[in-house]
Amino acid sequence: MSAAGGAAPTAPAPPPPPPTTLRQMLLRPGYLRMLVFSTALGIPVAVACFLFVGFQHELQHWVWESLPHSLGMDRAPWWWPLPAFLLAGLILAPIVTRMPGKGGHLAVHGLGGGAPIGPRELPGVVLAALATLPLGVVLGPEAPLMAVGSGLVLLAVKLLRQSPGPQESTLLATAGSTAAISTILGGPIVAAVLVVEAAGIGGARLVALLLPCLLASAAGALAFNGFGDLTGLSIGALSLPGVPPDSGPDPGDFLWGVPVAVAIAAILTAGRQLGYRTAAFTTRDTGRRTVLCAVAAGVCVTAYALLTGRDPAEAALSGQAALGSLAADPAVWSVAALLVLVLCKTLAWGICLGSMRGGPIFPSVLIGAALGVACAGLPGLGFAPGLALGMAAAAATITGLPLSSSVLAVLLLGPDAHHQMPLVVTAAVVACVTAHLLRKDDPKDPAG
């Protein structure tokens with residue numbers, strides 16, 4: 001009782017504890033509806049992603065193959081990257097400085113790099129990617145694809161006048177991003193493992209996060225593959241049409257594999273540090289310095305063509321086509337050409353990480369694979385083990401996710417890759433640990 005004789009004010013009731021079991025989470029109001037919503041949205045997200053990567057692939061083919069042929073050249077000449085990269089910088093500069101969202105996150109900060117891309121920022125992201133990646137920017141399409149997935153899902157939520165809470169909105173955006181990235185990685189498995197490993201949670205909360213992501217990815221993969229069969233268009237997904245003859249790993253593979261994985265981690269970490277420095281450089285006078293960085297990346301690609309006499313497209317672009325060529329016939333590449341590719345592409349990639357827009361993973365996988373194949377002539381190390389450990393070590397260095405990187409490398413190598421699994425896992429773990437020991441902390445780096 002209070003001094004005035006009235007009842008004491010009652011304290012507000014504490015909020016109910018969050019669900020702790022999977023059954024409780026499944027019975028939460030709206031969760032099952034969210035599962036259905038995620039599955040349904042996986043299909044339009046996949047179609048949008050197909051159109052995105054298909055159009056990008058066609059533009060890339062026109063810039064680097066059709067246009068040089070129409071000008072009477074067998075392939076793009078050594079000087080081709082200079083005007084191509086300059087044009088990319090000139091196009092990107094006003095997008096970064098004037099459009100909402102600045103064309104997306106800087107690639108040096110990882111695939112996410114910040115809050116999910118919403119409908120308002122999505123046009124700038126799509127325009128930046130489609131206008132610059134085909135011109136040779138040394139980044140992949142994975143980050144823009146994830147932005148397309150999250151942006152479309154959040155747009156659908158807005159159009160349907162739904163009002164999910166912040167947690168539900170994040171979950172839906174994650175499901176959309178997972179469905180999108182699964183299209184370019186060849187299916188929902190790698191994307192789902194990536195979500196599991198990156199989430200850093202366990203138990204029922206992990207399953208509750210994984211279910212909508214899996215359903216959206218599976219529905220999206222079905223629609224993506226069906227749409228590809230229907231149209232017959234090539235989308236240039238990360239894949240290896242041919243791989244070196246497989247052989248079971250032996251002590252020599254591990255003897256050389258561990259130091260090669262350390263070297264790959266060191267090289268890619270140095271490239272990422274260059275990306276941080278480039279990002280700091282472009283903070284002021286962003287438009288002009290973005291163009292300067294694009295030209296600098298073009299100079300690195302041009303240097304590769306001059307030093308090796310090979311196609312400059314191998315050092316430009318995301319590296320998907322060059323990776324397939326390297327895996328199918330590694331013997332046509334000299335060790336010197338592979339080492340020059342590693343040097344020039346790492347420099348160009350590092351500059352693009354901190355100035356352009358795109359994903360960081362695809363070019364790094366080619367860099368790791370090139371160094372692994374370059375070392376394949378060492379006593380006891382072959383082409384297949386070198387390729388396998390190079391891809392796994394590179395992906396683990398950039399993502400900080402050794403399990404996801406191992407799964408990606410094994411799926412790329414094909415059905416006989418089980419022989420390489422011990423070496424792949426070892427290389428991924430060694431590279432991940434090395435990268436964390438060498439990397440300077442960055443507050444925006446999710447893998448740091």
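Visitor: Why is Trp-79 called partly exposed?

Guide: The relative accessible area of Trp-79 is 35%. Buried means under 20%, exposed means over 50%, and partly exposed is what lies in between (1.4 Å probe, protein chains only), so Trp-79 at 35% counts as partly exposed. Please keep in mind that this is a predicted model, where local features need pLDDT of at least 70, side-chain atom pairs count only at pLDDT 80 or more, and totals for chains, interfaces and linings use all residues. Residues are numbered from 1 along each chain as its sequence is written, and side-chain values use heavy atoms, with hydrogens and water left out.

Visitor: Where does Trp-79 sit?

Guide: Trp-79 is in the loop between α2 (31-70) and α3; helices here are DSSP runs of H or I with at least four residues, strands are runs of E with at least two, and both are numbered from the N terminus.

Visitor: What makes Trp-78, Trp-79 and Leu-82 part of a nonpolar patch?

Guide: A patch takes residues with over 30% relative accessible area and no salt bridge, joining nonpolar side chains (Val, Leu, Ile, Met, Phe, Trp, Tyr) within 5 Å and like charges within 9 Å. Trp-79, at 35%, is over that 30% limit. Leu-86, Leu-90, Val-295, Val-299 and Leu-306 also belong, and the patch has about 690 Å² of accessible area together (Shrake-Rupley method, 1.4 Å probe, with only the protein chains shown as cover for residues). Two or more of its residues come from each of α3 (81-98) and α10 (286-308).

Visitor: Why are Arg-288 and Asp-285 called a salt bridge?

Guide: A salt bridge needs a side-chain nitrogen of Lys or Arg within 4 Å of a carboxyl oxygen of Asp or Glu. The closest N and O atoms of Arg-288 and Asp-285 are 3.7 Å apart, so this pair qualifies. Arg-288 is exposed at 59%, while Asp-285 is partly exposed at 43%.

Visitor: How many salt bridges are there by this rule?

Guide: The count comes to two. Glu-314 and Arg-310 also pair, at 3.0 Å from N to O, and Glu-314 is buried at 14%.

Visitor: What makes a space a cavity and not a pocket?

Guide: On a 1 Å grid over the protein atoms alone, a 1.4 Å probe fits in a cavity but cannot get out, whereas a pocket is an open set with protein on both sides within 12 Å along at least five of seven lines; lining residues have an atom within 4 Å of a point. There are two cavities of 30 Å³ or more. The largest cavity holds about 110 Å³, and Leu-185, Leu-194, Ile-361, Thr-399 and Leu-408 are the closest to its centre of the 14 lining residues. A volume is the space filled by probe spheres set on grid points, which are joined across faces, edges and corners.

Visitor: Which element gives the most to the lining of the largest cavity?

Guide: That is α15, with three residues.
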